[in-house]
Each structure stands twice: as structure tokens, then as C-alpha cells.
Amino acid sequence: MRDDVGMRRTVLVVDDHAGFRASLRELLAIGPFEVVAEAADSEAALEAFDRTRPDVVLLDVALPGTDGFGVAEVLARHDPPPAVVLISTRDAADYGPRIGAAPVRGFVQKAALTVGALEVLVR
């Protein structure tokens, strides 16, 4: 992960809704993040990660194919692993202990996702 002052952290956005990905790309552009790739499903997410090796992966829990928890498990095996943040329209409580057991930096409900919230989780 890039920690140098002034360096932009690279991000892979994984969500099956193109409109949300576009909105997130615009939101992150105002902060210390650069979206380097997007993916709409688990297979494309893993391919995009291998191609771009981003610092951060914003990962929707509900994806076609393998869900976000499964993708996070695969990403955790990379050296170094990216900082994975799970996102969902649902509340964290809906996933019970799965979030705490997942190899992720945290969880943010989509409605609460801000540059500041992401910065806190990926420091």
C-alpha cells in the first residue's frame, strides 16, 4: 500500500451495478484514491486484481458467482494482500459474524460510503 504523502491509493471497485460503480469512481476521484479498474462479478474482479494489483478493493457482498466473502478469501492469499472493504446496501448486522471472520479491513453500508470512511479503514 502506498503511504507516502501525496500518493494516491489505487482502487478496484467491484459491484454488479454499473451506475453505482460510476458514482463511486466520481466520489473517490476527489480524495486520495484512483480507481484503476472496475468489475461486475467475482470472476472479473479476480482478473482485474491480477492485472492491476490495486492497494484497495471495494467489494460488494452480493455478486453474481462467488459472493464478496469468497472473493475476499482469495484476495487474502496474495502477497501482499490488498486492503479489502466490503460494501452492501444491507446492514452489517444482516451478515452476522461473517464480516468479523472475513479477511477484510471492514464493512461500510453503501449509503454511508464516503472518502473519509474509506480512509479510516485503509490507513
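Helix α2 (residues 42-52) and helix α3 (residues 68-76) have axes that come within 10 Å and cross at roughly 20°. This is a predicted model, in which local features need pLDDT of at least 70 and side-chain atom pairs count only at pLDDT 80 or more, while totals for chains, interfaces and linings use all residues. Residues are numbered from 1 along each chain as its sequence is written, and side-chain values use heavy atoms, with hydrogens and water left out.

Let us stay with the two helices for a moment. Helices here are DSSP runs of H or I with at least four residues, strands are runs of E with at least two, and both are numbered from the N terminus. An axis is a line fitted to C-alpha atoms, for helices over the stretch in contact, and angles run from 0 to 180 degrees between N-to-C directions. Angles under 35 degrees count as roughly parallel, over 145 as roughly antiparallel, 65 to 115 as roughly perpendicular and the rest as oblique; α2 and α3 are therefore roughly parallel to each other. Where the helices meet, Ser-42, Leu-46 and Phe-49 of α2 face Val-71, Val-74 and Leu-75 of α3 in contact (heavy atoms within 4.5 Å). Sorted by class, this contact has 5 nonpolar, 1 polar and no charged residues. In that sorting, Ala, Val, Leu, Ile, Met, Phe, Trp, Tyr, Cys and Pro count as nonpolar, Asp, Glu, Lys and Arg as charged, and the others, Gly among them, as polar.

Val-71 is buried, with a relative accessible area of 2%; buried means under 20%, exposed over 50%, and partly exposed in between, using a 1.4 Å probe and protein chains only. Leaving aside residues up to four places away in sequence, Val-71 touches Ser-42, Leu-46, Leu-59, Leu-63 and Thr-66.

Phe-69 and Tyr-95 form an edge-to-face pair, 5.8 Å centre to centre with 65° between the planes. The pair links distant parts of the chain, with Phe-69 in helix α3 and Tyr-95, 26 residues apart from it, in the loop between β4 and α4 (98-101). Phe-69 is buried at a relative accessible area of 6%, and Tyr-95 counts as buried at 10%. Ring pairs join Phe-69, Tyr-95 and Phe-107 into a cluster.

Now for the loops. Between α3 and β4 (83-88) lies Asp-79, which is exposed, with a relative accessible area of 74%. A cis peptide bond with omega of about -5° joins Asp-79 and Pro-80. Arg-53, in the loop between α2 and β3 (56-60), has a positive phi of about 45° although it is not a glycine. Arg-53 counts as partly exposed at 42% relative accessibility.

Finally, the loop between β4 and α4 holds Thr-89, which counts as exposed at 60% relative accessibility. Thr-89 touches Gln-109 and Lys-110, not counting residues up to four places away in sequence. Thr-89 and Gln-109 are 20 residues apart in sequence, and 5.7 Å apart in space from C-alpha to C-alpha.

Key: Rings of Phe, Tyr and Trp (its six-membered ring) pair if their centres lie within 6.5 Å; planes under 30 degrees apart count as stacked, over 60 as edge-to-face and the rest as tilted.
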